[in-house]
Amino acid sequence: MKSRSSAPLSALVPAVSCLALVITLVACTTTVPETGRKQLNMISPSKEAALGLSEFQKIRKEKPISTNATYNATAQRVGRKLSLVMPVPNAEWEFVVFEDPTPNAFALPGGKVGIHSGLFQITKDDAGLAAVMGHEVAHVVARHSGERLSQNVVAGAIVTGAGYAMNRDGRDGALATAALGGGALVATRSFSRQQELEADQMGALFMARAGYDPRESIGLWERFAAWKNQNGQASKMPQFLSTHPVDERRITELRAYMPKAMAEYKGGR
Ligand SMILES: [Zn+2]
């Protein structure tokens, strides 16, 4: 009797493991605000915020903060307006200008935004800065880093059959963060094409709601493209441009989205 019952049981183990994986994936499906796209995300918003805060502390210690009064005032002015309309869970908003000549900006879960002094040569004015900040924070609102990590973890779990372990760790994403390191969550700067287009659209909406003409975002990306053409052969391409390819399709898609963004634009008229 024993031998007859143990054989089917062991045969069931892979099936149970697969079932656990499927249940976990369903439980970890969330909806992206504004676009309604379903995404996989195993990292909780509070975990994301905690990781974002600690990563920002590290960056603050490593990078010099700009003393340029104009840049700082612009960042605070634009940041304050945008923060009122950007839904970031557990946000402790902070907008810091770092002394760095490369045109770059980043946003971390928890509401921490870093802007390089070199970005202002591209943004030109408040609306231009709002376009970049809106786009970067959109990556946070849409939880794109957690999505990327979760996809990587699932890909790994399928290979190694770690479905059971994932289910046990559940939504807290302990496996995800343990496997890839906390820094990986906030350091994931390489987004998919779909995520970039989504961040462009959400960024345009945030701009419009904060009172900036969303059409200015098209000019901003065109200036970025021009800068890239002029500096493309430089030995050190800023990370922002290597992870944000500005091409015709991107600008075309943003243009096509403008009626939706303009419908939310009440200011400046
Ligand atoms: Zn982006």
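## Overall fold

Among contacts in the protein chain with a separation of 6 or more, 75% are between residues 24 or more positions apart. The model is predicted. The protein chain contains 13 helices and five strands. It has 269 residues, of which 42% count as buried.

E4 runs antiparallel to strand E5 (residues 112-116), and four bridges join the two.

Three residues lie between the strands of the hairpin. In this hairpin, glycine 110 adopts a positive phi near 100°.

## Packing of H11 and H13

Two packed helices are described by the angle between their axes and the distance between the axes. For helix H11 (residues 216-231) and helix H13 (residues 248-262), the axes come within 10 Å and cross at roughly 175°. H11 is therefore roughly antiparallel to H13, since angles over 145 degrees count as such.

On the H11 side, the contact involves Ser217, Ile218, Trp221 and Glu222. Their counterparts in H13 are Arg250, Ile251, Leu254 and Arg255. By class, four residues in the contact of H11 with H13 are nonpolar, three are charged and one is polar.

Definitions and conventions: Residues are numbered from 1 along each chain as its sequence is written. This is a predicted model: local features need pLDDT of at least 70, side-chain atom pairs count only at pLDDT 80 or more; totals for chains, interfaces and linings use all residues. Axes are lines fitted to C-alpha atoms, for helices over the stretch in contact, and angles run from 0 to 180 degrees between N-to-C directions. Angles under 35 degrees count as roughly parallel, over 145 as roughly antiparallel, 65 to 115 as roughly perpendicular and the rest as oblique. Two residues are in contact if their C-beta atoms, placed from the backbone, lie within 7 Å. Ala, Val, Leu, Ile, Met, Phe, Trp, Tyr, Cys and Pro count as nonpolar, Asp, Glu, Lys and Arg as charged, and the others, Gly among them, as polar. A residue is buried if 20 or more other C-beta atoms lie within 10 Å of its own, exposed if 12 or fewer, and partly exposed in between; C-beta atoms are placed from the backbone. Two strands pair if DSSP finds at least two bridges between them.
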